[in-house]
Amino acid sequence: MLGSLSETDETVIKTFEKMKGDNRYSTFVADVNKIVGFVTVVETLAIDQPNGYIKINGLAVLPEFQHCGIGKMLMERVERLADERNISLIGLASGFQRIGAHEFYERLGYQKLSFYFRKRI
């Protein structure tokens with residue numbers, strides 16, 4: 001179980017199957033005799049980013065493996081993907097309550113620049 005997602009959750013499995021069929025999506029996994037973390041990203045276009053940008057859709061590391069460098073390793077892998085694809089911007093959203101995650105991203109050089117808004121339809 002990573003966060004509130006179970007690897008046997010049918011919805012998660014179906015979503016990963018959809019992502020596998022679309023080359024804009026990438027998922028990187030940290031495996032230490034079992035999956036202990038992952039990051040999933042999507043390459044997307046934006047008017048102000050002619051080469052597009054990478055949006056991190058999810059990053060999770062099992063609590064007992066946090067503060068061991070796994071999250072940093074996963075984020076570095078995303079940065080290598082950006083370099084390989086000639087993409088110069090990586091973005092992500094993080095909930096207000098995730099203060100520890102915000103500190104983690106800032107230590108890696110990410111800046112808080114805006115609020116993220118959404119509306120369920």
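**Entry 1: Salt bridges**

By salt bridge I mean a side-chain nitrogen of Lys or Arg within 4 Å of a carboxyl oxygen of Asp or Glu. Arg 24 is partly exposed, its relative accessible area being 44%. The classes I use are buried (under 20% relative accessible area), exposed (over 50%) and partly exposed (in between), with a 1.4 Å probe and protein chains only.

I note that the model is predicted: local features need pLDDT of at least 70, side-chain atom pairs count only at pLDDT 80 or more, and totals for chains, interfaces and linings use all residues. Residues are numbered from 1 along each chain as its sequence is written, and side-chain values use heavy atoms, with hydrogens and water left out.

Next I examined Glu 64, which forms a salt bridge with Lys 34, the closest N and O atoms being 3.8 Å apart. This pair links distant parts of the chain, 30 residues apart: Glu 64 is in the loop between β3 and α2 (70-84), and Lys 34 in the loop between β1 (25-31) and β2 (35-46). Helices (H or I, at least four residues) and strands (E, at least two) are DSSP runs, numbered from the N terminus. Glu 64 counts as exposed because its relative accessibility is 51%, whereas Lys 34 is partly exposed at 41%.

I then turned to Glu 10 and Lys 14, joined by a salt bridge of 3.4 Å, N to O. They are four residues apart in helix α1 (residues 10-20), so about one helical turn separates them. Both Glu 10 and Lys 14 are exposed. My search of the whole structure returned six salt bridges.

**Entry 2: Two buried residues**

I looked up His 102 in helix α3 (residues 99-107). Its relative accessibility is 13%, so His 102 counts as buried. Not counting residues up to four places away in sequence, His 102 touches Ser 94, Gly 95, Phe 96 and Lys 112; contact means heavy atoms within 4.5 Å. From His 102 to Glu 64 I found 19 Å, C-alpha to C-alpha, and 38 residues in sequence.

Gln 49 lies in strand β3 (residues 49-61) and is buried at 16% relative accessibility. With neighbours within four places in sequence left aside, Gln 49 is in contact with Ser 88 and Leu 89.

**Entry 3: Segment after α3**

I placed Phe 117 in the segment after α3. Phe 117 counts as exposed, with 72% relative accessibility.
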